[in-house]
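Open the model in your viewer and switch to a cartoon display. Keep the selection panel at hand.

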Amino acid sequence: MYQLYYSPGACSMAPHVLLNELGVQFEAINANTPGTKNRSQEFLKLNPRGQVPVLVDDGEIIREGAAILIYLMDKHQSQMLPKSGIERARALEWLCFGNATVHPAYGKAFFIMKNATDPAAKDQLLKAATQQIDKYWAEVDERLAKMPYICGKNLTMADILLTVFANWNGMIPTPITLGSNVKRLIKEISNRPAYKKALTTEQVEYKAAA
């Protein structure tokens, strides 16, 4: 049985939702020390970087969110990752866009919030960071104006990953704009039974689709 180490509401929610979608047995384990946001010693033995998610499969430890998602979709032949051709390339392209472009953009904003001490500089830097996030969401919104999901007519893992990120907007004091097409998508995805089950397990409220 899989063990998935997560932090509530973090990017680890994407593989949490995926495991629910796949309908496989797994144990969801909060990587934090009870009552805190500090990583537990048990978790740090699995990943000294202190980063979630981490998946354990029959003793094999897999780190990095994109690697975990691709591994699970390939292993269980999920339709959210086509097997070959341009369809697979497109699904991977947008999954990587979420993992390697949108995620770091939010990470930069969180870093500024935590480390910038001068109020004026902090506001300026945070404004610049959120403007970049806005550009990415505008690109997604424009694409979703032409198709139901980010890769076309079929749901892919990128749709779920972007839905996870959208809920981070409430953690940032500078407003971030989500277009009507993005709101349509994240409302649909966050209401899927697999997503709602992950929200309940992690005790997270989804507010971005309101």
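The tour visits a sheet and then a pair of helices. Bear in mind that this is a predicted model.

**Stop 1: the sheet**

Select the strands E1, E2, E3 and E4. These 4 strands form an open sheet. Read across it and the order is E2-E1-E3-E4, with mixed pairing. Which strands stand at the edges? Colour residues 26-30 for strand E2 and 60-63 for strand E4: these two are the edge strands. Each has a single partner strand, so one side of each is left without a neighbour in the sheet. Now turn the view to follow the twist, which averages 20° from one strand to the next.

**Stop 2: E1 beside E2**

Select residues 2-6, strand E1. E1 and E2 run parallel, and 5 bridges join them.

**Stop 3: H1 against H6**

Select residues 13-22 for helix H1 and 157-166 for helix H6. Their axes come within 9 Å. The crossing angle is roughly 135°. Angles over 145 degrees would count as roughly antiparallel; H1 and H6 are therefore oblique to each other. Their crossing is right-handed.

Which residues make the contact? Show side chains on both helices:

- From H1: Met 13, Ala 14, Val 17 and Leu 18.
- From H6: Met 157, Ile 160, Leu 161 and Val 164.

Colour this set by residue class. The contact of H1 with H6 comprises 8 nonpolar residues, with no polar and no charged ones.

Technical notes: Residues are numbered from 1 along each chain as its sequence is written. This is a predicted model: local features need pLDDT of at least 70, side-chain atom pairs count only at pLDDT 80 or more; totals for chains, interfaces and linings use all residues. Side-chain values use heavy atoms; hydrogens and water are left out. Axes are lines fitted to C-alpha atoms, for helices over the stretch in contact, and angles run from 0 to 180 degrees between N-to-C directions. Angles under 35 degrees count as roughly parallel, over 145 as roughly antiparallel, 65 to 115 as roughly perpendicular and the rest as oblique. A crossing is left-handed if the near helix is turned anticlockwise from the far one by less than a right angle, and right-handed if clockwise. Contact means heavy atoms within 4.5 Å. Ala, Val, Leu, Ile, Met, Phe, Trp, Tyr, Cys and Pro count as nonpolar, Asp, Glu, Lys and Arg as charged, and the others, Gly among them, as polar. Two strands pair if DSSP finds at least two bridges between them.
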